[in-house]
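This report is meant for a reader who is new to the structure shown below. Please keep the sequence and the model in view while reading.

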Amino acid sequence: MSVNKYDLSYTQNRELSWLEFNKRVLDEAHDPDVPSLEKLKFISIFSSNLDEFFMVRVGSLLDLTTMKKEIPDNKTGLSYRQQLDAIFQVMPELYRQKDEAYDSVEELLRFNGIENLKYEELSKEEKKIVDSHFEESIQPVISPIILDSHHPFPHLANLSPLVVANMRADNGELFTGIIQKSAVNKDIFFLPGPGLRYIITEEIIKENLNKVFNFKIIDAAIVCVTRNADLNLEEEFDDIDIDFRKYMKKALKKRSRLQPVRMEINGELPKETIDYLMKHLGLDPKQVYYSKSPLKMGYVFSLFDKLSPEVEPLVTFKKYSPVYPSDINPSKSLIEQVSEHDRLLFYPFESMDPFLSLLKEASNDPYVISIKITIYRLASISKVAEYLANAAENGKEVVAVMELRARFDEDNNINWSERLEQAGCTVIYGFEDYKIHSKICLITRHVNGKIQYISQFGTGNYNEKTAKLYTDLSLMTGDYGLGVDAQNFFKNMMISNLVGEYEHLLVAPFSLKPSLMNMIDEQIALAKSGEEAVIKIKCNSVTERSMIDKLSEASRAGVKIYMNVRGICCILPGIKGKTDNIYITSIVGRYLEHPRIYIFGNDENAKVYISSADLMTRNLTRRVEIACPIYDSAIKKKIFDIMNIIFTDDRKSSVLNPDGKYTKKTSSPSLNSQSRFMELAEISEREASKKSHKKKLPSSLISTHTENIDKEKIADEVISNMSLWEKIKKLFF
């Protein structure tokens, strides 16, 4: 094994950091402020997150163990196998915590008539109803299999629950049988009557095994197999003349047949049966996990649609609809308003509707000659796609740079690419080695012989559904310089030129990373000259080693660094002499934190960027990403105010400690940043309604009301003679 050349004293492993994040998701099930059904949803999200973690990260690491050359992790020095062992070691405790959370939440739900029932809990009449459902809807579509020399071991589909049973024939011979739930059957069966009572389909199958096999059932359990889903498309995609869409369809079919990476068991099976399954699946005992709670919990989301009006407010968050921004007039042309001055949307507190209206208006505007957009993920029902198609049908040039390799959204993107092409749009699929993850839309107009650009830059996808679930920023601007850069960006995408030059935009894989490093160097120079030097970062993940080292260098120089990192964070704060001046928080709440914001400086001259890119190696060096500068002073202030509230959050925010663990602190009065943003949006909407006949409101829904939180802000001058880490300990611990 090669010697690790990096300083490992202030870094941690990305996989273990991600598991810490997912544990914080699970912790929401214990938060007294979270309603009971929302708690169950967090457990479901924890479970699905873990599914993807095994399919992608564990699958990738297992693939890497087959390589001849061993490359140690540059944050911990661990080999691939050592990383896997560390992951497998923490799994049983995570499953135990999931079971504990599930039991406590189920107890709360039953107080409100929401019950996940076991078969033995059913009344005699209900058992008849369930048995009838089995005979009429389940039994006709299942395919039971006996495991013996006459029946080869079957393919067990990825993440598809099945029932494994041991049986005895009348002659005493023992058999093992498998029944896999059909995709035709829903995950749960709702029982008639008052309340919301249901039973999981695999439980129904397990209780009716004797009707299928005609043997004496000795024991049975629900089992689920997880398979590697990390298709390495870049290595396989060598033929530049290949039809990429056909290639993707073929590649996706392989996903369900890839190597198993995990087996989950709900129930009791003898060791011999488990050993038999492990042998045929190629699994190690470390990859087998036991759970008393449901293995797959996607059904939880269907419960929300079944709630009665009386029960819903007792078990769910108070309904919130994104408000229409107070500084945008819905009855006036969006093109005109954006041309007047920049507008920034803050999802999901503000609605995505202004951008959709802009796109719709552009699709019908006689002065618009083209619309160009990058697409990473679309909603299954998409107004964005509808307006793009409408624009093409109206004779405008529409170019959609579609990324077909958006993991687990590939099928949806393939379908949309076909539909857009049918409408007359030009669809291109990007680069063979670089995913296009940028969020940019360019509307080009020809007015009175002059070219006008309306550009949009975002931190999130053009997905109407996730715009109500993820926090994101969306800038709409008529800035000509940004428009020229956007035009050059699309020109470069069309001719497969990654090495484009831009005056304003920072574009990965070539200019984004060095530009960020240079701006950190500028703050280092300020600190060394005795001036105030501040960096504020909000992103989803931090893994890029050279960026981590540069932040450590800045900390050592005296730059104050505030970071809000939702998930993976491989840099450890508060390490003496290395990261003393770095303070890191993470927010897990009602909405998924998603914006990427980079701020260098702490006054009106600060350089502020919003971006599609996290501080990860893949984003900075192996993807096409964009960071867009903020020039408008009002919008810059709005972003500063957003960041101040985020760093003041002491209700849903956790502080990262030097040991890699997180500490959640609650003070009185406490601030939930997401709740605060909802309140401010609603206040702004009400005030706009009252004053619509008077003067125009300030453009920032946040800055209008920041005087209300001044007393709660973190002030650097509170304890002027302590290091930043000492300040943090004083303030939070």
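Which residue of S6 does Glu115 stand opposite? Glu115 stands opposite Arg197 in S6.

## Basis of the model

This is a predicted model, in which local features need pLDDT of at least 70 and side-chain atom pairs count only at pLDDT 80 or more, while totals for chains, interfaces and linings use all residues. Residues are numbered from 1 along each chain as its sequence is written, and side-chain values use heavy atoms, with hydrogens and water left out.

## The sheet S1-S6-S5

Helices (H or I, at least four residues) and strands (E, at least two) are DSSP runs, numbered from the N terminus. An open sheet of 3 strands has the order S1-S6-S5, with mixed pairing, where two strands pair if DSSP finds at least two bridges between them. Strand S1 (114-116) and strand S5 (188-190) are the edge strands, each pairing on one side only, and the twist averages 25° from one strand to the next.

S1 and strand S6 (residues 196-200) run parallel and are joined by 3 bridges. Helix H3 (residues 80-110) lies across S1 and S6, running at about 135° to S1; axes are lines fitted to C-alpha atoms, for helices over the stretch in contact, and angles run from 0 to 180 degrees between N-to-C directions.

In helix H9 (residues 271-281), the residues Thr273, Ile274, Leu277, Met278 and Leu281 are buried, meaning under 20% relative accessible area, with exposed meaning over 50% and partly exposed in between (1.4 Å probe, protein chains only). These buried residues fall within an arc of 135° when seen down the axis of H9, so they line one face of the helix; the arc is that of the directions from the helix axis to the C-beta atoms.

The buried residues of H9 pack against several strands, among them strand S3 (162-168) and strand S7 (216-227), with contact meaning heavy atoms within 4.5 Å. On the other side of H9, Lys271, Glu272 and Lys279 are exposed, and just after H9, Gly282 takes a positive phi of about 70°.

## Strand S11 and its partners

Strand S11 (residues 368-375) is largely enclosed by the rest of the structure, because 7 of its 8 residues are buried. S11 and strand S15 (residues 440-447) run antiparallel and are joined by 5 bridges, and the bridge partner of Ser370 in S15 is Thr444.

S11 also pairs with strand S12 (residues 397-402), in the parallel sense and over 6 bridges, and Thr374 stands opposite Val401 in S12. From S11 the chain crosses through helix H14 (residues 383-393) to S12 in a right-handed β-α-β crossover, a term used if, with the strands pointing away from the viewer, the path from the first strand over the helix to the second runs clockwise.
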